[in-house]
Structure formats: structure tokens, C-alpha cells
Amino acid sequence: MARLDAGTAARLARGGGRYLADLRVPGCLEAAFVRSPLPHARVGAARFHDGRGLTAADLGLHPLVATGPGLAGAPWIPLGGGRARYVGEPLAVVWAADRYQAEDLVDAAQLELEPLPPDEPLHSQAPTGVLFETTLEGGDVDAALRAADLVLEGRFHCARQTPFPLETRGVLAHPDPGTGVLTVWTSTQIPDLVRAGLARCLGLPEARLRVRVPQVGGGFGVKAHLFAEEVAVAALALRLGQPVRWIEDRQEHLAASAHAHDAVVRLRVGVTREGRILGVDADLTADVGAYSIWPFSASLEPMTAASSLFGAYAVGALRCRTRARSSARCPVGAQRGVGVTVGVHATERMVDRIARRLSIDPLELRRRNAVPACPWTSPIGRALDSGDYPRLLATLAAAAGYDALRAEQHRARAAGRLLGVGLALFNEHSGTGTQDYRRRGIDTIPGWDQSRVRVPADGRIEVATSAADAGQGHADTYRLLAAEVLGVAPERVEVVEGDTDRCPPGTGTFTSRGAVGVLESLVQALRAAAATDLAPGTDIVRRADAEQVYPSGAHLAVVEVDPVGWRPRVLRYVAVEDCGTIIHPEVVAGQVRGGVAMGIGNVLLEEHAYDADGQIQTATLLDYLVPLATDIPEVELHHLTSPSPRTTLGSKGVGEAGTIGAFGAVANAVADAVAPLGAELDTLPYSPQRIFAAVERARAGLPPARPGQ
Amino acid sequence: MICRLTVNGTPWEGDVPPRLTLADLLRDHLQLTGTHLGCEQGVCGACTVLCDGEAVRSCLMLAVQADGRSLTTVEGLDADPDAAALRDALVAGRGLQCGFCTPGFLLSALALRRADPPVDPARVPELLAGNICRCTGYGPIVAAVRAWLG
Amino acid sequence: MKPAPVAYRRPESLDEALADLAELGDRARPLAGGQSLVPLLALRLAQPEVLVGLERVAELRGADLDGDRLEIRAMTREAELERSAALPPLLGAALGHVGHFQIRSRGTVGGSLAHMDPAAEWPALALLLDATLTVASARRGRRRLPAASFILGPLTTALEPDELLEAVTMARPDGRFGFAEVERRSGDFALVGAGCHRGRVVVFAAGPRPQRLPGVEAFLRDGGAPGPELQRRAHAEIEARDDLHASAAYRRQVGARLVDQVVAAAS
């Protein structure tokens with residue numbers, strides 16, 4: 001395919017991106033939020049300077065309930081509805097001419113808060129705090145474990161982390177008294193779902209709402225939720241009959257947008273002496289914070305993590321009891337790769353432990369257990385559409401020079417260096433469709449996507465999709481595809497995303513939908529249009545309801561740990577990706593590199609922490625550490641191409657693979673580096689402190705620390 | 001408080017509240033929205049501008065502290081063919097995705113180009129460690145800046 | 001994250017600045033480069049009524065780095081020092097650890113010393129080099145304090161509300177030295193750091209303030225050398241705290257190893 005039309009990138013590089021905070025609407029007021037200083041409290045009377053403040057009750061906001069199998073039905077309540085459930089939760093909105101004065105009003109606001117005891121349930125619908133629970137099971141796990149020569153156990157914990165786009169959230173609501181329509185500009189990945197949720201929270205028909213998405217400065221999942229601030233700003237604009245905006249600051253973002261991960265996985269794995277994995281018995285608990293987040297619900301992390309366990313391996317029997325527990329902390333939502341990262345971390349660390357225990361090389365152990373050929377259906381019903389796992393491993397070994405690396409490691413260890421080599425073999429599901437969501441217990445997400453090809457009177461070709469670009473570069477990819485299929489110049493094609501008035505409704509952009517369902521609907525719409533004469537008036541809409549597809553990969557990382565300060569550094573990174581047919585090589589490379597960087601950050605640096613009083617300790621960038629240029633090596637990228645039979649073009653998506661692979665490869669490399677010291681690592685991130693503590697425990701002859709220590 | 005400064009070669013004078021940050025002066029009073037706010041605590045680098053030729057965090061400077069100084073923002077780079085060359089190299093090498101961090105990287109790199117003694121291209125990752133990018137994984141940015149400095 | 005309302009004074013001379021502080025007392029905060037104070041203003045953790053901006057006070061600017069005795073006036077920016085050919089290598093090595101270069105464009109020596117972050121390099125350097133800090137007030141005139149008396153604890157110095165740090169002076173550091181830090185990422189505050197010069201040994205970022213290690217220094221005077229015994233003594237002597245990023249035990253162990261490294265580099 002031709003090179004990118006780099007028009008968008010050039011405009012952004014000139015500082016010409018119109019992000020949410022750059023929109024200028026005359027007379028726009030600035031909102032700020034009064035947030036809870038307590039983890040759990042009853043909210044009493046509120047007093048505001050000059051009466052410029054409103055609570056949930058004042059605004060008459062309705063809660064939303066994500067329903068589905070296994071869910072307790074606990075509501076998501078914008079502005080808390082009279083209760084505060086985590087530190088930083090927005091409880092009231094104030095407004096002024098600018099943000100400075102709005103923060104003065106926040107300081108002046110007086111909210112009566114009655115602290116509630118820590119054991120008081122956050123939601124009456126979940127008296128034990130379990131918001132979601134289910135068991136995935138296939139094959140005879142108990143028999144498999146009985147038949148095993150050896151049953152190994154492990155407990156792996158992934159810290160609470162956050163996607164951290166460089167642009168924070170923001171919303172601008174602009175009422176039009178003439179039409180009665182409220183236009184809500186918001187930095188989101190899911191415009192249609194935001195509109196649906198807003199309509200229900202505000203008690204308005206969807207037709208009275210238009211959701212528009214400006215340039216978005218990164219999303220990575222966190223902007224794929226409906227937030228209380230969106231609801232409150234929309235309600236406030238309607239109440240005042242004036243435009244109102246709110247721009248999130250970084251402190252608010254870190255304390256009160258959405259967090260991710262925070263899950264403990266316990267594994268019991270039965271293996272033969274030859275290293276064949278016979279069965280896996282798993283138990284998983286995710287701390288999902290104060291609410292069942294909307295629209296994904298509390299099932300998102302525990303269900304995704306559980307279903308991804310040992311996903312690239314031919315295991316005959318697997319059981320995972322999985323649950324979501326609430327806590328008085330920021331709600332947990334989506335982050336690039338969602339729970340697959342947690343599942344792959346536990347799986348890959350466990351595979352390395354098995355290899356070490358049986359004195360089998362980790363690459364060889366993966367060869368013996370990899371899914372041999374596709375299609376393949378796992379015991380819990382994951383129907384892998386495509387992929388070649390043995391070849392992924394062979395390609396990785398050749399590209400990385402695996403044998404030479406191990407020899408180099410041997411020499412380095414003899415010289416006293418702590419050098420580790422780590423592998424990951426994985427797959428992920430992408431492009432999740434309607435049936436997949438229903439099976440997974442999520443009723444709030446449509447699961448289908450749409451595209452529309454329209455020819456207005458001026459002869460332009462307007463291509464509109466239900467996706468919303470957050471910086472991935474859809475528009476350029478779609479423009480080139482349209483030009484190719486329709487046989488027209490790219491300049492004639494205008495790609496429209498992120499406007500509920502101009503785009504056909506759908507599910508939005510996450511789990512690489514842009515390369516699966518959205519792309520499928522676009523291909524079908526374009527092919528239908530190509531069969532016409534593209535006369536003005538042409539207007540074709542196509543819907544695609546994707547079946548899940550499974551991109552896969554094998555990654556290798558080389559890590560050295562500084563023996564003085566225990567600081568780990570990634571020296572080398574090799575990735576072999578199979579995302580099916582590659583639509584745009586540069587976009588794919590960009591997604592993998594960026595994904596790997598996020599994974600490195602998640603494995604080595606990033607961690608949200610709360611103290612014993614429920615106060616967040618990581619609300620500034622001095623304490624929540626994301627990777628810098630010095631933390632990321634060049635990513636050596638190689639491709640395999642197993643086209644998916646489930647999509648017309650054969651593409652499978654690549655937005656998450658880099659991150660997922662790094663959760664296995666980097667974690668295993670750090671663990672391998674310190675293995676000669678007897679240290680066992682199982683709690684992310686693998687920070688200098690955790691490495692130090694693990695080494696000290698090994699020296700003292702103690703068992704590995706429990707998560708949290 | 002009266003504040004007089006020069007922005008991208010053009011003098012500006014206005015009455016600003018002392019608490020106003022330089023970043024907000026640029027964005028809200030001068031409509032130069034290419035300077036982005038990513039953290040307002042001096043860590044992310046998205047708001048980096050040149051102040052009398054040196055790279056500074058515009059979120060960590062009050063507008064009144066910039067009185068009498070000369071500032072360059074991303075909107076001023078068109079006047080500088082050398083800076084424009086780096087910008088074009090970043091675009092061509094896919095050194096940006098969402099673009100939010102890009103102006104900050106450009107201004108930081110420009111300050112490095114003017115450093116005396118010249119910076120060692122091998123130190124580029126370390127010298128760019130004061131700017132956060134969450135999309136690209138840094139590789140393409142480091143490569144473009146290194147080639148441009150080289 | 002926007003500062004609360006505040007008034008601003010911009011004195012043109014040291015006398016004027018001291019008069020402002022004498023008049024306002026603890027209602028005012030002097031503002032140097034702002035790299036520590038402006039974030040605290042933005043978080044509204046600091047809410048002075050008046051900021052006294054020091055950018056026009058000529059007496060506070062400039063550094064004399066040429067003689068045997070160095071004088072660095074308070075408003076000297078770190079970037080200016082870095083550009084000076086006369087900067088002693090020890091100061092250059094330490095400066096490389098101060099934030100990122102964009103921070104050093106604005107950050108001042110006096111601002112860092114007066115702010116007294118326990119993990120900052122300047123208080124540690126002042127202690128290591130036995131610096132003298134000159135402090136001025138309108139009412140009491142000048143007083144000169146050794147670094148050890150100036151540095152009291154986290155974000156706490158001997159400065160009274162009406163006093164300004166005017167300059168820091170020290171004998172030119174020459175000869176061999178060691179300076180090392182462990183930081184999570186490039187440019188971060190150190191988890192723990194150490195320096196050694198002319199038999200003085202300082203650890204910083206470990207405890208509430210930079211700390212000299214007299215036991216280790218005595219060991220060295222008595223002919224002790226780097227090795228397990230030196231590390232054992234350092235480990236026993238380091239005052240360490242727990243925080244989010246590292247435990248006291250980590251800081252003692254790694255601090256002792258850094259002491260060993262810097263002593264070796266300096267000898």
C-alpha cells in the first residue's frame with residue numbers, strides 16, 4: 001500500500017491539533033469538581049460560595065447498572081448520589097469564568113461528610129463486596145492434576161496501574177436553545193456509548209444529544225468509559241443554558257479517572273517429567289475499586305484475565321474461578337490489553353518456573369506445549385482462528401540468536417553480572433463481537449460496528465465509521481483503503497469519525513476494533529459503493545458483527561539488573577508479531593513499539609498505591625512513574641502473517657500485542673537475571689525495592705514475600 | 001500586574017494576575033494552544049518552550065516571571081528552517097502518533113541544537129528524558145533527533 | 001492545579017527584597033527559579049499571600065568560580081554553572097543529576113538549598129564541601145552558617161521568614177572525588193546517593209536530611225579502605241526512612257554500597 005498521507009501528523013507537529021482544551025467557545029464557563037477527601041463517607045449538606053455548586057441530587061442524575069451473568073448489579077452512580085466511595089471521587093460541580101476561579105470555589109465549598117466504617121459495604125447489592133463471580137472450566141482438571149508427575153503452585157500479583165495518555169480527559173457541553181440539542185465534545189474512544197449513557201443519566205432522549213470527539217491525545221483504554229464529569233458537565237450546561245467545559249488535571253487523572261489491573265492469580269499446574277502441561281487450576285481475584293465501571297462492568301478485568309490463562313498452550317484441562325471485589329479505591333477499567341496482560345504475566349512466569357524446576361530450557365518447554373496448529377479450540381472454548389505458534393517460536397529464536405544469547409548470558413554470569421533472558425508466547429482476543437460480550441457477561445456493549453460511504457453533491461467521498469481515533473492514525477489508513485477500493489484519488493476521500501450526527505452508531509475503538517469489526521464494515525461498505533457509479537446521493541451503510549480473532553506473538557527481552565542498586569534495565573527487545581494481514585506496516589510498527597514501551601513501564605515502574613487510610617499516594621508524576629526515553633530499547637520487529645479466515649482482509653489487530661508480550665518477556669528476563677541469587681519475583685512492578693527484598697528473603701532462606709510486601 | 005514579553009518575535013503587553021502560569025498566558029491569552037499541558041508539575045515536558053533561547057517548563061513559570069523575556073513556542077518554528085527540518089523528519093519517521101507531546105519534544109530538541117558545547121548524539125535518550133511520550137515508544141523520536149543533531 | 005490568588009512584589013535590590021520580607025514576615029515566600037515552589041503553589045500546598053520575586057535583584061546573581069574559594073550567589077541558575085568552564089568537576093558531576101536540563105534552565109542554587117528536599121543534590125554538596133551559607137535580613141544584618149547548621153530537616157532550614165539566602169561559599173573542590181546516585185529513572189530524585197571528597201563522606205536521599213558519616217570518615221582517617229568493613233560501618237551509620245519507592249533497609253544496603261564506590265573513586 002502507498003505511503004501514508006501524513007497530513008494529520010504534519011498538522012499536529014505544527015501545534016495545530018485541536019484537542020479538547022484547545023476548543024474555543026464564546027461564553028464558555030469552566031467547571032471544577034469538589035472531590036472526596038475520604039475513602040467512604042455519607043455526604044450531607046453542601047454549601048457553595050455564591051450558590052455556584054451542585055450535587056448529584058441537585059442535578060437529578062440517574063445511576064447506570066451494568067447487567068449480565070455473574071454480575072451483582074451494583075450501580076455506577078455519577079457524583080456518588082449522596083455517598084463517597086473513594087478518595088478523589090467527584091461529589092459536586094462548581095463553575096466560574098476560568099479554572100483558577102473555579103478552583104477557588106472548590107476550596108470554598110463545604111461538604112458535610114460522615115465517615116463510614118471500613119467494613120460497611122460500598123453497595124447494598126454486594127454485601128460481601130463481590131461485584132462479579134464466575135468459573136470457567138473445560139476438561140477434567142482434577143484428573144489432569146492427579147495424572148501429573150508434579151503439581152507446581154504460584155501466586156502472581158499485578159499492581160494497580162493506569163493507561164496514562166499524555167492528554168488528560170476533558171469535556172465541553174454546548175446547548176443550542178434553538179434546536180434543544182446539547183452538543184457534548186469529549187475526549188473519548190466511545191462516542192456512541194457515551195451518548196447512550198449520557199441520555200440515561202440525564203433522562204433525555206438520545207436524539208437531544210450530539211457527541212463529538214476532537215483530536216484525542218491518546219486513550220489506551222482509559223477514555224473508553226463514561227465518566228461522572230461528562231455527565232455532570234452536560235447536566236450543568238443544560239441547567240445554566242450556557243456552554244461549560246472541564247479539563248482534567250493530572251492529579252485528578254491519577255487519582256480519579258480509571259485504574260487498571262490490580263489482580264492476584266493463583267495457579268496450580270500439573271506437568272509430566274518431560275514438561276507437558278496437563279492441566280491448570282486457577283483462582284483469580286481482581287480489586288476493581290469502588291464501582292462496576294460503565295460500560296464494561298466489573299467483569300472486564302477478571303473475565304479477560306481468566307480467559308487468557310495459558311491461551312497459547314495446548315492444555316487439556318483448565319479451570320479458573322474468577323471474581324471482582326470492590327474496594328474504596330478508584331474504579332478499574334480498560335487499559336491496553338486489559339486482563340490479558342495479567343493473565344500472560346502469570347502464565348509466562350509459571351512456564352519459566354516449570355522449566356527451571358524440570359531443568360528444561362524455557363524455549364524448549366514452550367515448544368513442547370505450544371498450540372500445534374490452528375484452528376484450535378481450548379478447553380474453555382476459545383476458538384483460535386489462525387496462527388502458527390511453533391513458527392512464532394522458531395522465528396523468534398532465529399531472530400534473537402537465542403543460543404548465542406544463552407551462551408553470552410553464561411559468560412556474563414561467570415563474570416558476576418546479573419543478565420537475564422525472558423520469553424513470552426501469547427495470544428489475545430480482539431475485535432470482540434456481540435455474542436462474545438454476551439458470553440462474557442457484558443450486556444452494555446453492542447459489539448457490532450458500522451461504516452458509511454456517502455457521496456455529497458460536491459462529489460467528495462465521505463467515509464464515516466463508528467470508531468474514534470485516539471492517535472492511532474485510523475483516518476490515514478481508512479482514506480488509503482477507500483481510495484484503493486474505490487479507485488479514486490485519496491484527496492477526494494474525507495474520513496469522518498467521532499461525531500454521532502455524521503457517523504453510523506457502533507461500539508467505538510478498543511480491543512483493536514479499528515482493524516477488525518470497523519474495518520470489516522468499512523470493506524463491505526466500500527465494496528458495495530465500488531459496485532455503483534459513486535454518483536452524488538450515494539449513501540451506503542454496512543454493519544459488521546465480528547467474531548473474535550486471535551492475534552498472537554512471541555517476544556524476547558534481555559534485562560540486566562544493576563547489582564549495586566538492583567535497578568533493572570532492558571538491553572534488548574525482539575518481537576515477532578502475527579496480526580494477520582498487515583493493512584499498514586508503519587502503523588503496525590508504531591503500535592507494537594508503543595505497546596512494548598507501555599509494557600516495560602508496567603513491568604518495571606508503574607504502580608498506584610494507597611495507604612492504610614485509603615488515601616492515594618501516587619497522585620503526582622513524582623510518584624507514578626512512566627517510562628522515559630532512557631528506559632526503552634529499540635524494538636526489533638519481525639512479522640508472521642496468518643490471515644484470519646473470519647475477516648475479509650484477514651487482519652486481526654495489533655493495538656495490544658506489544659504490551660501483552662512485554663508483560664511476559666520483560667518479567668521473565670528480570671526474574672532470570674536474579675535467579676542465580678535464588679530470588680523469586682511474582683509481584684509487579686519488579687522495582688529495585690522488590691528485587692532487593694526478594695534477594696534478601698532468598699539469602700535468609702525465607703519463602704517469597706506475599707503480594708503487597 | 002503589567003507583563004511585557006516577546007513571543008515568536010512579536011511584542012506583547014498585558015495586565016495579568018500574578019498567579020497565572022506562563023503556559024496559561026500562552027494558551028488562553030495569546031491563543032497559542034500548541035503549548036500543551038500534560039501535568040502542570042514540570043515532569044511531562046509537553047509545555048516546554050524556549051525562554052531567551054533556553055528550554056523551560058512553561059507550567060513552572062509564572063507569567064510575571066517572564067516579564068522582559070523572549071519566548072519561542074511551536075507556532076514560532078515556521079520562521080526557523082532548521083527547526084522545520086526536524087519537525088518534518090519527525091513526521092516522516094512516525095515520531096508522533098497522538099501528537100500531544102510533539103511540540104514539547106521539538107522545543108527541547110531545538111535547545112539541544114543550540115547548546116554550547118554541542119551535545120553528543122549518543123546522549124540523546126538521556127537528554128530527551130525530560131519529555132514523556134506514551135504512544136511511540138520513543139525509538140522514532142530518538143532516531144529523528146539524533147540524525148538531525150548528527 | 002492552579003495557584004490560589006497571590007500578590008507579587010518584584011524588588012529591584014537586595015535591600016528592597018529584605019525590606020519586603022521584614023514587612024511581610026511569614027505571609028510572604030521568596031520566589032527564585034520556581035522549580036520547586038511553583039508546583040507547590042499549583043497544588044495549593046503552599047498558599048502565601050505574597051510572592052517576592054527575586055529575578056531583578058542583581059546582588060543575588062552570578063558566581064565566582066575562578067579562585068580557591070568559590071562563591072555562588074543564590075539566584076545563579078544551574079544551567080549557567082554548567083556552561084562555565086571553571087566549574088569544578090565534582091559540581092559538574094552532581095549537577096548532571098539535578099532533574100532534566102529544562103529544570104536546570106530555571107532552577108537556582110539558592111532555591112534548592114532553601115527548599116531543602118532531602119533528596120536534592122545541593123544540600124548534600126553543601127554538607128560535603130563544608131560550605132558556608134550567607135543569610136541576610138533587614139533587621140539583623142548578615143549571618144554566616146556552616147551547611148550543617150543551615151540544614152535542619154525535610155523542607156526545613158535555619159532561615160527565618162524575614163531572611164534570604166544570599167550566597168554559598170566553599171573552598172574549591174579539587175583532586176579526586178566520588179559522587180553517585182541510584183535513581184528509578186534518568187533525572188528522578190535519588191532513592192539514595194553518596195559523595196566523598198577529601199575524607200568527608202555524605203549520604204543523601206536516605207533519611208530526613210543529607211548526613212555525614214563520621215564513623216566512616218574516622219575509619220578512613222585510620223587507614224581504612226573500601227571493602228566489607230567500610231560497608232558494614234556505613235550500613236550501621238546511615239539514617240534511613242521508608243517511602244513509596246524504597247524501604248529503609250534498601251537505602252541502608254544500597255547507600256553503604258554507594259559509599260564504598262564513592263570512597264574508592266575518591267582515593
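Author: Start with one term. A salt bridge needs a side-chain nitrogen of Lys or Arg within 4 Å of a carboxyl oxygen of Asp or Glu. The model is predicted. By that rule, the count between domain 2 of chain C and domain 3 of chain C is one salt bridge.

Reader: What makes R200(C) and D130(C) a salt bridge?

Author: Their closest N and O atoms are 3.9 Å apart. The limit is 4 Å, so the pair counts.

Reader: How many residues does the contact take from domain 2 of chain C and from domain 3 of chain C?

Author: Domain 2 of chain C gives 25 residues, and domain 3 of chain C gives 23. The two domains bury about 1,900 Å² between them, 68% of it on carbon and sulfur atoms. In domain 2 of chain C, the residues that lose the most area to domain 3 of chain C are H97(C), L127(C) and L128(C). Together they make up 31% of what that side buries.

Reader: Why is the link between R44(C) and D104(A) called a salt bridge?

Author: The N to O distance between these side chains is 2.8 Å.

Reader: Which element gives the most to the side of chain C that touches chain A?

Author: α11(C) does, with seven residues. By class, that side of chain C has 13 nonpolar, seven polar and seven charged residues.

Reader: How much area do chain C and chain A bury between them?

Author: About 2,500 Å², with 56% of it on carbon and sulfur atoms.

Terms used. Residues numbered from 1 in each chain as written. Chains lettered and ligands numbered in written order. Predicted model: local features only at pLDDT ≥ 70, side-chain atom pairs only at ≥ 80, totals over all residues. Heavy atoms only, no water. Buried area = accessible area lost by both parts, 1.4 Å probe. Helix = DSSP H or I, 4+ residues; strand = E, 2+ residues; numbered from the N terminus. Nonpolar A, V, L, I, M, F, W, Y, C, P; charged D, E, K, R; others polar. Contact = heavy atoms within 4.5 Å.
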